[in-house]
Amino acid sequence: MRDKNKKILAIVGGLIVVIIIILLLVKGCGKKEYVINFDSQGGSNVTSVTVLKDDTLTKPKDPTREGYEFLGWYLDGKLFDFSEKITKNMVLEARWKKVEKEVTGISLNATLLTLKPNGTGLLSVIFTPEGATSELVWSSSDEEIVTVKDGELKALKKGEVIITVTTKDGKYKATCKVKVEDNVISVTSVSISGKKEVNVGESIKLTASIKPKDATNKEVTWTSSNPNIATVDKNGNVKGIKSGKVTITVTTVDGEKKASISIEVKEKKTETTPSNPSTPSTPSTTPEDKPSTPTNPSTGNTPSTGEQETPKVAVDNVVISGAKEVYVDESIKLTTNITPSNATDKTLKWESSNPNIATVNSDGTVIGKSHGTVKIKVTASNGKTYEYEITVVEYIITLTKLVQPGGSVVQYEITSVVANGVNQDTALFTYNGITYALEDERIDSNDVDEKVTTAILKFNGKDVKAKVKYLSRNI
């Protein structure tokens with residue numbers, strides 16, 4: 001009897017264990033799932049994953065991005081801890097650090113500037129190769145005449161100075177002469193004159209005409225849209241390299257006024273001598289030839305056959321001009337110059353290579369949608385297409401308000417400064433008239449007005465408009 005009871009107890013115990021296991025499995029199957037998305041911020045794509053509540057997230061393979069080093073996945077401005085239990089849907093953002101290229105040379109955007117006393121100017125540095133960067137040291141040959149700070153010039157009195165910029169290691173430098181004069185006359189426009197054709201291997205001379213004629217600074221720079229077809233030197237001499245069409249542009253140093261001209265490069269024709277010039281050519285008597293129109297014996301003229309049709313003039317070239325950058329949610333207007341000016345049909349069709357980055361209207365108005373680079377294409381009535389590259393820029397400052405228990409705001413924290421999708425470790429920006437840096441970390445709550453949606457960000461030495469993004473965190 002005792003053995004029988006032991007068997008019954010063993011069976012009952014086993015059933016209880018099975019029931020508990022089933023209940024646990026049922027409970028586990030009913031766990032809530034959360035979706036984790038990965039925003040690679042311009043890097044390679046990382047697939048979203050689904051994680052059960054209170055489970056941990058397995059770190060995915062690091063994304064890659066040309067020219068950048070991956071710093072990690074961030075949530076709300078902080079490095080994400082993959083040992084944390086998942087309790088909500090999340091979007092993790094990648095952060096990157098730009099891999100600096102070694103500088104092999106620098107130049108300035110101008111070699112001569114003319115300012116009035118108490119006037120200001122701005123010099124920018126062009127690095128070689130493109131994308132390289134370095135800390136810079138600026139100096140003025142006479143700070144009583146012109147001062148310089150990060151390329152920003154301020155004229156104090158009449159005179160002449162040399163502004164020098166040098167890489168921090170001292171290997172490379174560039175200079176600009178600055179004249180301070182009382183009677184500075186600014187450039188209002190520039191135009192180009194000269195031939196529009198050149199043979200391969202030959203050269204033509206273009207001339208830039210500046211208005212007004214007595215402008216103080218008449219210095220210009222010349223560029224070719226395709227040096228493989230034609231080159232242009234600092235004096236406007238254009239040399240044909242191979243057959244094709246190219247746009248030559250002249251830009252004034254004062255005011256950056258521009259003008260462009262389309263040049264066609266042609267293969268040089270080889271003249272041939274007739275084998276027997278004394279022998280007249282025999283007229284064709286092919287049956288298919290139409291009989292010639294008889295002349296009017298009284299006048300010797302060919303009789304009129306009605307109203308003469310006006311010959312159509314085809315579009316030869318379209319030059320697109322306008323700003324090269326547009327902010328997200330803002331617009332710029334592109335203009336076109338059609339040659340020849342008497343073209344019969346000047347109808348143009350506008351298209352964007354990526355409407356997700358920027359759209360373009362039928363009048364050439366470009367609207368920024370998201371940061372990136374897009375090509376705006378114009379198609380002329382003859383089917384020829386022309387492209388113009390636009391960069392859509394976006395700068396975002398994230399301010400996180402620190403809230404005490406009870407709801408009072410103590411301070412605001414500068415969480416991040418993002419330039420075109422890339423988080424910047426250090427950046428100065430002016431907010432409500434006060435300049436801050438990321439290193440400051442905290443801003444007094446009295447200095448922040450959450451109604452402000454944009455602020456001025458000092459990025460790469462220039463002022464740009466940035467969106468202000470507000471977050472909140474309890475402390």
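Analyst: Rings of Phe, Tyr and Trp (its six-membered ring) pair if their centres lie within 6.5 Å; planes under 30 degrees apart count as stacked, over 60 as edge-to-face and the rest as tilted. This is a predicted model, where local features need pLDDT of at least 70, side-chain atom pairs count only at pLDDT 80 or more, and totals for chains, interfaces and linings use all residues. Residues are numbered from 1 along each chain as its sequence is written, and side-chain values use heavy atoms, with hydrogens and water left out.

User: What makes Phe38, Phe70, Trp73 and Trp96 a cluster?
Analyst: Ring pairs link them. The structure holds five aromatic pairs.

User: Why is the pair of phenylalanine 70 and tryptophan 73 called edge-to-face?
Analyst: Their planes are 65° apart, with 5.5 Å centre to centre, so the pair meets the rule of over 60 degrees and within 6.5 Å. Both residues are also buried (under 20% relative accessible area; exposed is over 50%, partly exposed in between; 1.4 Å probe, protein chains only).

User: What makes lysine 324 a charge over the ring of tyrosine 388?
Analyst: A charge sits over a ring if NZ of Lys or CZ of Arg is within 6 Å of the ring centre and within 35 degrees of the ring normal. Lysine 324 lies over the face of tyrosine 388 at 4.0 Å from the ring centre, and lysine 465 has its charged end 5.4 Å from the ring centre of tyrosine 327.
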